[in-house]
Each structure stands twice: as C-alpha cells, then as structure tokens.
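The model is shown below.

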Amino acid sequence: MNVSANGSGGGDAARLISRQGSPGNLIVRGARLFDPRVGLDEARDLIVRDGEIAELAEPGGAPEIEGAEAVDGEGLLALPAFVDPHVHFRVPGQEHKEDLETGTRSAAAGGYCAVIAMANTSPPIDSAAVLGSVRERAEREASIPVGFIANVTREMAGTELTEMAELREAGAIGFSDDGLPIANARVLGRALQYQRLAGGLIALHEEDPDLSSGGVMHEGEVSAALGMAGVPAVSESTMIARDCSLALYEDAPIHVQHLSARASVEEVARAKAAGVRISCEATPHHLTLTDEAVRSLDARFKMNPPLRSEDDRQALIGGLRDGTIDCVATDHAPHAAEEKEVPFEEAAWGVTGLETAFAALYTDLVLPGVLPLETLVERMTCGGEPFGIEAPRLEVGAAANVTLIDPELAWTVGEEGYESRSYNSCFGGCELTGRVLMTVAAGRVAFRQRSFALGVAP
Amino acid sequence: MKHLLGVEDLSRKEMDRILERAQSFAEVGRRDIKKVPTLRGRTIVNLFYESSTRTLSSFELAAKRLSADVVSVKSAGSSVDKGESLKDTVATLSAYDPAAIVIRSPHAGAAQLVAGWTEASVINAGDGKHEHPTQALLDVFTLRQRTESLEGLDIWIVGDVLHSRVARSCLLAFQKMGATVTLCGPPTLIPRGIEALGCEVAYDLDGLGGADVVYALRMQRERMGESFVPSLREYAARYQIDSRRLGPRQLLMHPGPVNRGVELAPEVIDSPQSLITAQVESGLVVRMAILYELLTGSDRSRPERGTAPADTPTIGQPA
C-alpha cells in the first residue's frame, strides 16, 4: 500500500511528462555554480553530456565535445533549476489564456525545470479521461516536464470524491480543488482517508467561503479606504487550523497552498510542532507586495488569496527563512486582457508569475540582505518534494536541470513582452535585477534569452 | 484639473476654487434667465450604470444651464445590457468627442479606468462604495452657506458607513476643510481599519451632543438579511436622529433619498436645522462649477474649440 506521497523518493518522477527529444550536450564555461544542497559554490565548467551532468571541471578544464553548445558563463550564476508546485496552464478549455506550450515556455524562461499544473480547468481534471487527454497534449507541447494534479471532488463541487485511485493510476501527481476550498470538513476527512488507498498528496486552497464571501482584497485599512469588501486573514487561518486537525486525526499528509497571512504561518508552525504531516508554500507576490499596491485600483493586483498587510508579509518572509514555509510557488494564473481591463471588483483573480519569480525575490529579498541566496535557491527548487519529485542537484550523474542567471542584469518586466500568452503580471513595468538567460530542463535546453549570445564549441 | 475622480486627490485650493465658482453660479440662479453660454457646442455624456434620481438630474440640468449638449446613457436598455464591456462602451461614446463623461458605476475605480480610455474629462458620479466626490463638494458648499467655514467644526456621520461612498468622500472633504469627523454606527457597519483615515469612531450616539453637524446616512433595507443589524426597529432605536437627539443648534444633513422613520424621524427632516433641501439646490450649482472648472480651466486648453473663455466674462450674461 502506498501510504504517502511525502518523502517517497524519486518514484513519482514518472508522473512528470514532456515532449520527447534527444538529450543535449552543453558546456557552460566558468559560471559560478551554486547549489547549497550539495555544498557547491565555486566557478567551474559545467559539462552536460547526453542530458546528464557529466563533469564539473576546473575553469578552462572542460574537454571539447563535438557539436555541443558552448556558453561563456563568466560572471553568471548557474543554479539547480527551479520546481514550481503550483501553476495554472488552463488546459483544457481556456487556451486563450495559456496552453502547455506557452506555459512551459514561460516556466523555462523563469528558470524552472518542472512544474505542477492545477486542475481547475474547463472541464476540470476530475476524471481519468480528461487527465489522459492533457497528459497526451503535454507529450506533444510541453518543453519542460509537467505534473498534473487531479481534483479531489467531482466538478470541484466539494461534495463527491473523484475516482482518486484510478486518477492516480492514470498519472495524477496529487490532488487539489485549488481555486476553491473544500468547505465541507466531512468531505475532506473522507478524501484524507481514501488517500491511504489512492496515494497522492492533497493540496489545499484554504479559505472559509462564509468569511471571505464578497471580498475582493485584504480586509484592513486599505479596503476601508477604498470601500471594497475585504477577505479577512482569518478566513484562511481558521481553515488551515481545521485541516491541520483533520490531517492529524487521519494521520494523512497535506500540502497547504499559497499562505498569505501571519496567522496562517503561525497555524502551520504550531501544526508542524504538533507532528502534523504538513508542507506549505508562499508566492513571490505575497512575499514582496502588500495591499498598499491595491490603492492603485489596478486589477493586476487582484489575486486569491489577496495581497495582505506588511505585517503579514514579514511573517511570510520569516516563515520562508526558518523553514515553516517549505517552498516558493508562483500560483501562475494567466488571464486574458479583457478579464483584467475592468473595475477591480469585476476582474478575474490571479497573476502570472513564472517569468518574474526569481528576479522579484532576488531583487526584494536577497539583494537587500533579507534572505540568503542559499535559502532562496533551496525554497525555489524543492517545490516538487511534497509530491515525490526530488529537487534538482548540480552533481555529476544527475539529470541536467540547470538555470543560468545573470545576477547583475537589471531589466524592466514586460518590456520585451512575455513568453506566457497572458501579461497580467503584477511586476509589469518594474525594474528587477537578476535575469534568467538559459534553462536546461531534463537534460535539454528549454529556454535561451533572445539577447544571450551563444556559440558552438569549436 | 482634467478629471474629478475622488476627493482623495483634490487639493484644498482646488476645492476652494470649485466652491467659489459655485457661489457665482448660485447668484446666476437667482435671475430669471438661468442659462449661460459657457459650454455651447460641447457635449457631455452621462453614463449611469446605477439608478439615480438626484445626481443624474442635477448633472443633466447643470450641463443644460451651461448650454452644453447632453446625452444620458443608462445601463438598462443600452448596449451594456447586451454584454458590452465598459472599455468598449467608452470607446463608442468617445467617438462623439465629448468634452466630459460623467460616470456612475457599482464598482470602485470605474471612473479612474474610464479616464485612461478617453480624451474627455471624467467626473466620478459614484464608483461602488469608494467615492462620490460631487456629493461631498455640494455638502461642503451647503455647510459653508450656513457656517462660512468648516474650520474646527465637529461633524458626525451616522449610519451605514461600510456601504457608503458618501461617507468616504465626505469624511475626506470635511477633514480637508478643517473639520473633525466622527463616524458612528453599529460595529458591523463600520469598516475595520477606517480610523487610519484620521477620524474618530463611535458605536453609540452618547457623544452626539458635542456635534455641530449631524450627517445621517441612508440605511438600506437589504442589509437586514445579511446580519449587519438584526432589525430596522433596533437600528432606529439606537441610531435614528429625532427631535430628542438633535439639539436646536445642530445642523442636519442627509444625502437622500431618506427612509423616513428609519435613519431620520419625520419631524427633524422638515425642521429648521435640516439642510436636506439646500443640499439638493447646491447640487446643481456645484455640478455646474465642476463642469466649468474641468472644461474651461486654465490648464486645459482646447483652442480648436474656441468656445471656452479664459475667465468668466460671460457668467451672468443670458444666452
């Protein structure tokens, strides 16, 4: 019996799916290779052969490989590529916002080598037939590996469980009704029990719909000044408290999505101390922005959960630093222009985030000394671990999952457009420092920044 | 000044200018022929996504008194009903090259969005529960007719503050004019965090005696079903302004329409302290002044149109 997805090792890697292609050969010369997980921080030549890290040679010591792409990494940072446990790729049904091709390209442009896609699609991924169809499309369209979440409840209605065991056999990497909470505690309790048979971690969007009902932004001084209905922080933290109790009672693992409030961080810390098998994530926007941004009434700052107070933001940063928050997730949520070019209260919820995640956190947290680079890299690479996907490592013999970053390059978000089909970025127009120039995912080059000059090894 | 989107971005100087202009229009209003040619040949569009009696009629009349051509579009029966987006509606109406678009919307920030989509001046006639700046300006004007200055006045705004754009705009406007404002109502109808705007908050009328002005808000019946207050009866018992609670030297205001017997007792509505009718009268001249300031103001030059005088030589001249 598969008791748990948590810590089950690399066995779930097979659930990730992408376009087939021949493994790449690549030499990155002289970049600063940085991987806190293996204690690596020095300038080396990185040699990728047949999609695997073949050698970490002394600078200038790389052998020549015929036909391999050679990149001058001088002054650049080579990191294990990132893993995002929470994206919305809108397939099936809302391909005008994003599809697997544009979504994975956007992820690769942000330095990601794997992502986990949510199931609040149209129709939602609540049956093996729908799951099979998106996995087939991923085989043709995804440039980096994608894991697909399936729903916990049919039609995301929160009342009847999906055929979780069959969905798991059909390749579901986990389960979630993300976008909506599972309001009925009995239904979640049953899902946590059934998970013992089906396996697969359940990821929870925590929101008490009675408390949040009608709200469009964080409830506080800014909502009072703007006259917009608030979503109180307790609508999130009380649900986390409820679900931690359920998880403890059922001895089941849970993953809490997009923490936004201090009270939520405190609930998770208490639960971890009490032995609840819980992991959780926070987004770059909640870690860098507050509800003050909503004063602009710009719908690009509308997402669920909402941007909260500075005190909440500081608690999230503290949680990320001390490990209460396990990983960074973007909650990349593309929307078409016409869904955002409307009054704030009418606008669709969500922001894109894959292409800006590293740069936003590097600029706002690492450069000012708030968060060590080491911690940021750890939290951005371990997002798959709760779902059984090992974090990438820069070590010989590992599959090449590497992102090459210019840590000094300042760029204006959106100036050259986006790889995503949508452009509802809350960082649009901001100048950020640190730009992904190239991403290698599962042994193949998945992204090259257009302006980044490349040569072929002589 | 190109747009009037909210009291929040108005300076005291801009407010004073509008109020002085309104004063001169009030003088015109006492003449037999009340129309001036100031905006002849210019078009003003009223775009109303919510029903309105006094705001819409007063904007229509204000534009007509200034000799502008007026078109009023209401959501019922228009292309809005057919699913057209606000952006497309504004593009359509902008094709008539209006000098101003006056918009009322059930959503915060709508006027600000429209300002980004059109060349016209945009006037916020109410956006969701956010702001209603023309109401606040007419309220300040009305008070100044009675008290000269708002400096040092103690003003209580009583009622459903949570759902009131009037409360927000009046709070900001009264403060900018030097008054101290107390917001009073049931705790369920006072938004969390509103004290950050620099006002006092009270949950009962015990301190009302110290107020110079009592500004009552409309209590909407639909709030009962949402557990904001248990009943109109209990609300009226605690918060209704009646002759017992309203002192002889206190002034009474209300943005209308009044629920007689709910927020106000009938006897105070028609009392000498009541400024409610004066508020409606002020609405017309203040909206004339706002249109005048936005469409003929010195920092807005549209020489190709040529109808706007640099100063006010035509004020008071019959058309």
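A crossing of two helices is called right-handed if the near helix is turned clockwise from the far one by less than a right angle, and left-handed if the turn is anticlockwise. The model described here is predicted.

## Helix pair in chain B

Two packed helices are described by the angle between their axes and the distance between the axes. In chain B, the axes of helix H5 (residues 133–147) and helix H6 (residues 165–176) come within 8 Å and cross at roughly 50°. H5(B) and H6(B) are therefore oblique to each other. The crossing in which H5(B) passes H6(B) is right-handed.

On the H5(B) side, the contact is made by Pro133(B), Gln135(B), Ala136(B), Leu137(B), Asp139(B) and Val140(B). H6(B) contributes Val166(B), Ser169(B), Cys170(B) and Ala173(B). Sorted by class, the residues in the contact of H5(B) with H6(B) are 7 nonpolar, 2 polar and 1 charged.

## Sheet in chain B

Strands of a sheet pair through backbone hydrogen bonds, either parallel or antiparallel. Chain B has an open sheet of 4 strands in the order E2-E1-E3-E4, and the pairing is parallel. Strand E2 (69–74) and strand E4 (121–127) of chain B are the edge strands, each pairing on one side only. From one strand to the next, the twist averages 15°.

Within this sheet, strand E1 (residues 43–48) of chain B runs parallel to strand E3 (residues 100–105) of chain B, and 5 bridges join them. Opposite Asn46(B) stands Val102(B) in E3(B). Helix H9 (residues 276–296) of chain B packs on the sheet and touches E1, E3 and E4 of chain B. The direction of H9 makes about 145° with that of E4(B).

## Contact between the chains

Between the two chains, 17 residues of chain A are in contact with 21 residues of chain B. On the side of chain A that touches chain B, the largest share comes from helix H6 (residues 221–226) of chain A, with 5 residues. By class, the residues on that side of chain A divide into 8 nonpolar, 3 polar and 6 charged.

## A covered helix in chain A

Helix H12 (residues 357–366) of chain A is mostly covered, with 9 of its 10 residues buried. The buried residues of H12(A) are Ala357(A), Phe358(A), Ala359(A), Ala360(A), Leu361(A), Tyr362(A), Asp364(A), Leu365(A) and Val366(A).

Notes: Residues are numbered from 1 along each chain as its sequence is written. Chains are lettered from A and ligands numbered from 1 in the order in which they are written. This is a predicted model: local features need pLDDT of at least 70, side-chain atom pairs count only at pLDDT 80 or more; totals for chains, interfaces and linings use all residues. Axes are lines fitted to C-alpha atoms, for helices over the stretch in contact, and angles run from 0 to 180 degrees between N-to-C directions. Helices (H or I, at least four residues) and strands (E, at least two) are DSSP runs, numbered from the N terminus. Angles under 35 degrees count as roughly parallel, over 145 as roughly antiparallel, 65 to 115 as roughly perpendicular and the rest as oblique. Two residues are in contact if their C-beta atoms, placed from the backbone, lie within 7 Å. Ala, Val, Leu, Ile, Met, Phe, Trp, Tyr, Cys and Pro count as nonpolar, Asp, Glu, Lys and Arg as charged, and the others, Gly among them, as polar. Two strands pair if DSSP finds at least two bridges between them. A residue is buried if 20 or more other C-beta atoms lie within 10 Å of its own, exposed if 12 or fewer, and partly exposed in between; C-beta atoms are placed from the backbone.
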